[in-house]
Amino acid sequence: MPQAFALNLYQEGDFVPQYTFEWCVAASIQIMHNLIDDTGAGTWADPVQQGELWEMARARSSNSFNGANPLGWAQVLTEVGMGPYAVVSVADYEEALQTAARAIADTDRPVGLVNWRGRHVWVMSGFESLGDPDQFPEFSVTGIRVQDPLYPYGSEQWGPSPAPNALLTPEQLATQFVVREPRRWSSNLPTGYMLVLPLAEA
């Protein structure tokens with residue numbers, strides 16, 4: 001019988017807000033660094049560094065409306081030593097949650113969630129499930145731990161920002177983590193739920 005299982009990379013101080021309304025990807029890179037680095041010695045939270053990371057991600061994003069897109073995000077994560085990361089699109093919502101949870105369980109690294117049809121990003125820092133992903137291939141995700149760098153501002157259209165380390169139900173997450181149409185930037189990925197996914201080291 002699958003038992004209740006939980007995994008959370010978050011520690012106090014890992015969250016970083018985005019310092020401008022454009023810099024959600026850069027803030028997420030800082031958050032992801034902090035989630036991966038358990039020493040606590042090198043917390044990334046500096047606004048100047050956030051701006052530099054945004055420029056890095058933007059420079060690696062093509063046709064990005066002058067912003068940073070998920071491909072640039074994944075490339076920067078890989079270049080600064082957190083990778084490898086890849087952008088994937090999963091057609092089915094439950095399968096997307098399973099894919100993200102399995103990646104966290106396999107790599108001990110967080111997952112990027114592309115929200116608001118591609119206009120905003122969150123970090124998935126952990127999950128709760130029925131069944132350990134390593135033991136039950138058909139495990140089901142029951143809760144998702146998220147970091148929204150826009151907290152506490154939220155969106156009139158999409159809803160409030162969950163507090164750092166909030167545990168959302170799949171139904172709550174689904175109001176902001178929605179199918180991404182690839183047409184806003186040049187991508188050969190199919191329409192689906194878009195993840196910036198940590199890959200196991202080759």
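This briefing covers helix packing and salt bridges in the structure above. The model is predicted, so local features require pLDDT of at least 70 and side-chain atom pairs pLDDT 80 or more, while totals for chains, interfaces and linings use all residues. Residues are numbered from 1 along each chain as its sequence is written, and side-chain values use heavy atoms, with hydrogens and water left out. Helix α2 packs with helix α3 and with helix α1, and a search of the whole structure finds two salt bridges.

**Packing of α1 with α2**

- Helix α1 (residues 24–36) packs with α2 at an angle of about 115°, their axes being 8 Å apart; helices here are DSSP runs of H or I with at least four residues, numbered from the N terminus.
- Axes are lines fitted to C-alpha atoms over the stretch in contact, and angles run from 0 to 180 degrees between N-to-C directions.
- The two helices, α1 and α2, are therefore roughly perpendicular to each other, a term that covers 65 to 115 degrees.
- Their crossing is right-handed, meaning that the near helix is turned clockwise from the far one by less than a right angle.
- On the α1 side, V25, A26, A27, I29 and Q30 meet Q49, Q50, L53, W54 and A57 of α2, where contact means heavy atoms within 4.5 Å.
- By class, this contact comprises seven nonpolar, three polar and no charged residues; Ala, Val, Leu, Ile, Met, Phe, Trp, Tyr, Cys and Pro count as nonpolar, Asp, Glu, Lys and Arg as charged, and the others, Gly among them, as polar.

**Packing of α2 with α3**

- Helix α2 (residues 47–59) and helix α3 (residues 70–79) pack at about 120°, with axes 8 Å apart.
- L53, M56 and A57 in α2 meet G72, W73, V76 and E79 in α3.
- That contact has five nonpolar, one polar and one charged residues.

**Salt bridges**

- A salt bridge is a side-chain nitrogen of Lys or Arg within 4 Å of a carboxyl oxygen of Asp or Glu.
- R58 and E55 form one, with the closest N and O atoms 3.0 Å apart; both lie in α2, three residues apart, about one turn of the helix.
- E79 pairs with R60 at a closest N to O distance of 2.8 Å.
- R58 is partly exposed at 29% relative accessible area, as is E79 at 44%; partly exposed lies between buried (under 20%) and exposed (over 50%), using a 1.4 Å probe and protein chains only.

Key:
Angles under 35 degrees count as roughly parallel, over 145 as roughly antiparallel, 65 to 115 as roughly perpendicular and the rest as oblique.
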